[in-house]
Amino acid sequence: MNKHQSNKNSSSIIEFSHLNWKQIEELPRESTIFFLPISPMEEHGPHLPVGTDYLTARDTAKDAIIALEQTDYPLKGVLLPAIPLGFCEFNTDFPGSVSVSSRVVRDVIISFGTALANHGFTMMVICTYHMALSHLKGIYQAMSYLKRKYKMKVCEPWAPLFYSDEVEKKEPKLGFDTKKEVHGGFRETSLMKYQYPYLVDPDYQNLQSIYRNLSSPKMIGKTFKQLGLKDGYVGSPARADTDYGRWFYQLTVDTYVKGAIDLYQGKPCRNLPSSVTSKMKLLFWQ
C-alpha cells in the first residue's frame, strides 16, 4: 500500500480553508503554527507528474502537523492552502511548467503572513520542495519582511538541510552520489514511487542516467533544452527505490516538525549556507 492510500489521519488536520472566521478567531495565538506549502507546477521528466514538488510539499506539511500534535508540546498546526507557485523559468520550454518571478513568490507569502499577523498570530512554517535559488530568494525576502515588520516567527526548514551535506551523511548507503540527482532523478522518482506510484510512468525504468552541473556559471540563463536536457530530468530515475522514498519523505516531515518546535521555543532558524545566499544575491533580475 502506498503512502497516499494509507494515511488515515488526514481528516484530523485543521485546514484553514475549512474554518469560518469565528473558528479562526478562537485559535490560541501562543500555540498555533500555520504551515504554508508552496511549490510550482513544473515538468519533472517524462515519467513524473508536474505537481511533484507541490504534492510533496503539501503532503509532508500535513504529516508534520500530525506528528507535531503527537509530541509533548502544546502546539496546534493549521494547514494553509497549498500554493502552486514558484520560479522555474529554466524548464518552461516544456509544457506543464508554470513560472512566476521571485517577487510574486515574495508578495504571496507576505500577503498570507500579514493577514495572520494583523490578527495576532505569530508563527508560520513555509514548506517548499522546490530548491531553485530564485524561488528561495522570494521566500527568504518574504520571511525577512515578516520578521522585521511584524516580529513574526517564520522559518523555511528544508532548504538549509538540502543545501548542506547532512542528507548524504544520514541517508542509506547507496553506492552512488545522490547530490547529482538534481531534477526528476533518483530522489524525486523514489518519492513519487512512495507517495503516488500510480502517477509514475513505468517507463522510468528505461530512462538513462543524465547528469549536468546546473550550478555552473555557464548554465545561468539557459533553459533545460538549451543545455541538451531534451527529456527534462537530471539524474538516474531508473534507480528509484520506494524504501528510499519513504526515508526521504520522513526526513522532510521530521525537519518541518523540528522547525516548528524551534519557532515555538524561540530558537533561531537554521540559515542557508553562505555560498547559497551569495548566489541568490547575484540573481538581482529575477
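User: In which helix does D59 lie?

Analyst: This is a predicted model. Helix α3 covers residues 52–68. D59 lies in helix α3.

User: Is D59 buried or exposed?

Analyst: The cut-off for buried is under 20% relative accessible area. D59 has a relative accessible area of 4%, so D59 is buried.

User: How many Å apart in space are D59 and I110, C-alpha to C-alpha?

Analyst: The two residues are 51 residues apart in sequence. In space, C-alpha to C-alpha, D59 and I110 are apart by 22 Å.

User: Which residues does T56 touch, not counting residues up to four places away in sequence?

Analyst: T56 has its place in helix α3. At 0% relative accessibility, T56 counts as buried. Leaving out residues up to four places away in sequence, T56 touches Y129, L191, M192 and Q195.

User: How many of the 10 residues of helix α8 are buried?

Analyst: Helix α8 runs over residues 186–195. The buried residues of α8 include L191, M192 and Q195, and T56 touches these three. Also buried in α8 are F186, R187, E188, T189, S190, K193 and Y194. Helix α8 is largely enclosed by the rest of the structure, because the buried count is 10 of the 10.

User: Which residues does Y244 touch, not counting residues up to four places away in sequence?

Analyst: Y244 lies in helix α9 and is buried, with a relative accessible area of 2%. Its C-alpha atom is separated by 9.9 Å from that of T189, 55 residues apart along the chain. Not counting residues up to four places away in sequence, Y244 touches E171, P172, L174, T178, F186, R187 and S190.

User: With which residues is M124 in contact, leaving aside its neighbours within four places in sequence?

Analyst: M124 is among the residues with the most contacts inside the largest nonpolar core. Beyond its neighbours within four places in sequence, M124 is in contact with F34, L36, L80, I109, G113, L116, L146, M152, K153, V154, C155 and L263.

User: How many residues does the second, separate core have?

Analyst: The second core is separate, and includes Y196, Y204, L207 and L227. Its number of residues is 16.

User: Where is K151, and is it exposed or buried?

Analyst: K151 has its place in the loop between α5 (133–150) and β5 (153–155). K151 has a positive phi of about 60 degrees although it is not a glycine. The cut-off for exposed is over 50% relative accessible area. At 67% relative accessibility, K151 counts as exposed.

User: What is the radius of gyration of the chain?

Analyst: The secondary structure of the chain comes to 10 helices and 5 strands. The globule rule gives 19 Å for 286 residues, and the chain is close to that value, so it is as compact as a globular protein of that length. The radius of gyration is 18 Å.

User: What percentage of the 286 residues in the chain is buried?

Analyst: The C-alpha trace of the chain spans about 55 × 45 × 35 Å along its principal axes. The accessible surface comes to about 13300 Å², with 53% belonging to carbon and sulfur atoms. Of the 286 residues, the buried ones make up 52%.

Terms used: Residues are numbered from 1 along each chain as its sequence is written. This is a predicted model: local features need pLDDT of at least 70, side-chain atom pairs count only at pLDDT 80 or more; totals for chains, interfaces and linings use all residues. Side-chain values use heavy atoms; hydrogens and water are left out. A nonpolar core is a set of buried Ala, Val, Leu, Ile, Met, Phe, Trp, Tyr and Cys residues joined through side-chain atoms within 4.5 Å. Buried means under 20% relative accessible area, exposed over 50%, partly exposed in between (1.4 Å probe, protein chains only). Contact means heavy atoms within 4.5 Å. Helices (H or I, at least four residues) and strands (E, at least two) are DSSP runs, numbered from the N terminus. The radius of gyration is taken over C-alpha atoms; the globule rule is 2.2 Å times the number of residues to the power 0.38. Accessible areas come from the Shrake-Rupley method with a 1.4 Å probe; for residues, only the protein chains shown count as cover.
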